[in-house]
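Please consider the following structure.

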Amino acid sequence: MRRIFNFPKDLEKRKIWISNTKINDWEPSKNSRLCSKHFEACYFYKTDTQTRVRLLNGAVPTIFPELPKYLQPKKVKFRFFYM
């Protein structure tokens, strides 16, 4: 099942997400979302109820199959952002 996720409010994380979408001169609105298909499986976890899927804090969208290979974001090593 696919889910959609809000862009992060944290400006640094938000810049990374925007950069990885490769859309020129675009700024996401408060209603902009990204589908779960753009995230690697290692960035997801299930809540206590095991029905709701959430993104880990350091999740970065890296899967954009519709982009040519040379425009696809580089894979980053998995990192946690603690707050």
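This is a predicted model: local features need pLDDT of at least 70, side-chain atom pairs count only at pLDDT 80 or more; totals for chains, interfaces and linings use all residues.

Modeller: Residues are numbered from 1 along each chain as its sequence is written, and side-chain values use heavy atoms, with hydrogens and water left out.

Biologist: How many salt bridges does the structure hold?

Modeller: A salt bridge is a side-chain nitrogen of Lys or Arg within 4 Å of a carboxyl oxygen of Asp or Glu. E12 and K15 form one, at 3.8 Å from N to O. R14 also pairs with E27 in a salt bridge. The number in the structure is two.

Biologist: Which parts does the pair of R14 and E27 tie together?

Modeller: The closest N and O atoms of R14 and E27 are 3.8 Å apart. R14 lies in helix α1 and E27 in the loop between α1 and β2 (33-35), so the pair joins parts 13 residues apart in sequence. Helices (H or I, at least four residues) and strands (E, at least two) are DSSP runs, numbered from the N terminus. The parts are therefore helix α1 and the loop between α1 and β2.

Biologist: Is R14 buried or exposed?

Modeller: Buried means under 20% relative accessible area, exposed over 50%, and partly exposed in between (1.4 Å probe, protein chains only). R14 has a relative accessible area of 15%.
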